[in-house]
Amino acid sequence: MKYRIRQIVLNAAQKAFENGDLPSGRVPEMQIEETRHPSHGDFSTNLAMVSAAIHKMPPRKIAQILVSSITALKGKASLIEKIEIAGPGFINFFLSSKAWHPVVDKILELDKRYGASNMGKKKKVQVEFVSANPTGPLHVGHGRGAAVGDSVGNILSFAGFDVKKEYYINDSGRQIRTLGTSVWLRLLQKTGREIQFPENCYKGEYIKDLACEILETQGDLFVEKDEKEAIEACARFAAGRILKGIKQDLASFGVKFDQWFSEQSLYDSGRVQRTIDDFKSKNLIYKEDGAFWFRTQDFGDEKNRVVVRNNGLTTYFASDIAYHMEKYERGFDKVIDVWGADHHGYIKRIDASIVAQGRKSEQFEVILIQLVNLLRAGKPVQMSTRAGEFVTLKDIVDEVGKDAARFMFLSRSYDSGLEFDLELAKQKNSDNPVYYVQYVHARITGILLKAKRENIIQDIDFNKGENLDLLTAAEEIHLMKILNTFKDNVEKSAQTLHPHLIFTYLLGLAAAFHGYYNKHKVITDNKEMTLARLSLVLGVKKVIRNGLTLLGVSAPERM
């Protein structure tokens, strides 16, 4: 609809120039915006104001000329009911009810592709998210990151980008060695040895379970191994088991990755060392006090960063530089990383390393996920991190279900902290947002099935609306206006990388449907009106489904 208004305005400006009413045919960048209040119409443009310098005329005078030109255009009558000039020169458009009827037909025709866009122009984008160390189960914070990353990937793909989702497995370095040590020490304790368990080791019950599993499969002779060899074996076994659990938990959460990328593979292939050597040759890595430093300060970081310590061990930064270089070599135009908020200080150094490679800073973006506070009936869920106790993603999904978990994680911008109430997520009423939205889909399915049983329609799905000119009630127009904005919301969500915009849109659409349904019967004694309203509610159902799909949430047929 916005595009159609834009074309009318552009045609009117051209006609006014041809008639000699405007001195120039140049049209500057203008805005066509939805108005915030019905008294201002449906859409508004600022063309008259941004054209004042070009035409050297007062904006209101330009607006009057444009309105006269629009009024004279053929074919606008069925679309525009009234035009008003407001304030310094805004042109407000009031659309006729007939203008909105094609929206329903478009939804029924495009079906699952309604709302899709080609704004991405197949640009290759990688979204890397979760990427938790395989040193323990995924926790609730990882769940929010998984929901955000997966939904961002879905939305970008729907908006025309060529998207790949990736999980970076941190299976190398100090934390993996600490994991191996933790399991090894618990294993020794299981065999009766007196062991003082270090503070810096992992303390969760899952570490004891892994130790028991090794003893069951390897036998007590395992403790006779050389300690270094035993710790490495424990690390490999534990990381493999934990990673398997992570994959299962993410699958249950509805997250599927195109690639699982191993950090260790960067070392095994020699890529980390080649990357360091390459930057050394360019004098971007230098030696000082026995360590090797990257000149990240030259590219906007607050200070230079160590890539190889004076003991010869590489830092995580070294492998991260190599990994991001490898991403771009795969042909990605843009790389999006989803990190926890505690990694904020890491952004500048990665950005610096990317710019040092000859890439643009705009080709790299980081989504920072703020913390989740778990509540139960409004009260905080108590956890003891010192004892290694935390609520896992699996715990959440098992208790409230995948759909409720994902929807709640996406209910606010990831820039803000989130309070996740487990009891609210299980409620089957309008207080629970996922139930509130999904119920619309199920309710409409029930209406369509009833219409089929009564032989009003042959099938509950059809691709052409009927008698749409009968849809003139204020609530029907309101619904069609909201349906019309779905694509705009998808594009805005893709541009800003904020999936909560789709959540907000769905809540608004659900509220509009509930208001409509409470006031108007869909199936009436008037068959023509019934068919018109069935067409409208089927359109609502399809858009609800499309929006929920972007968020990785199901659209149930019954509830």
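In this predicted model, strand 13 (residues 372-376) and strand 15 run parallel and are joined by four bridges. Within this pairing, V372 lies opposite L418 of strand 15. Both strands belong to an open sheet of three strands, ordered 14-13-15, in which the pairing is mixed. Strand 14 (379-380) and strand 15 (418-421) form the edges, each pairing on one side only. The sheet is packed against by helix 15 (residues 402-409), which touches strand 13 and strand 15. The direction of helix 15 makes about 155° with that of strand 15.

A helix pair was also examined. Helix 11 (residues 271-281) and helix 12 (residues 316-329) have axes that come within 9 Å and cross at roughly 90°. Because angles of 65 to 115 degrees count as roughly perpendicular, the two helices are assigned to that class. On the side of helix 11, the contact involves R271, V272, T275, I276, D278 and F279. These residues meet A318, S319, I321, A322, M325, E326 and E329 of helix 12. By class, seven residues of this contact are nonpolar, two are polar and four are charged.

The largest nonpolar core contains 154 residues. Within it, the members touching the most others are L95, L156, L250, F409 and F420. When residues up to four places away in sequence are not counted, L95 touches M1, I5, D42, F43, L79, I80, E81 and W100.

Terms used
Residues are numbered from 1 along each chain as its sequence is written. This is a predicted model: local features need pLDDT of at least 70, side-chain atom pairs count only at pLDDT 80 or more; totals for chains, interfaces and linings use all residues. Side-chain values use heavy atoms; hydrogens and water are left out. Axes are lines fitted to C-alpha atoms, for helices over the stretch in contact, and angles run from 0 to 180 degrees between N-to-C directions. Angles under 35 degrees count as roughly parallel, over 145 as roughly antiparallel, 65 to 115 as roughly perpendicular and the rest as oblique. Contact means heavy atoms within 4.5 Å. Ala, Val, Leu, Ile, Met, Phe, Trp, Tyr, Cys and Pro count as nonpolar, Asp, Glu, Lys and Arg as charged, and the others, Gly among them, as polar. A nonpolar core is a set of buried Ala, Val, Leu, Ile, Met, Phe, Trp, Tyr and Cys residues joined through side-chain atoms within 4.5 Å. Buried means under 20% relative accessible area, exposed over 50%, partly exposed in between (1.4 Å probe, protein chains only). Two strands pair if DSSP finds at least two bridges between them.
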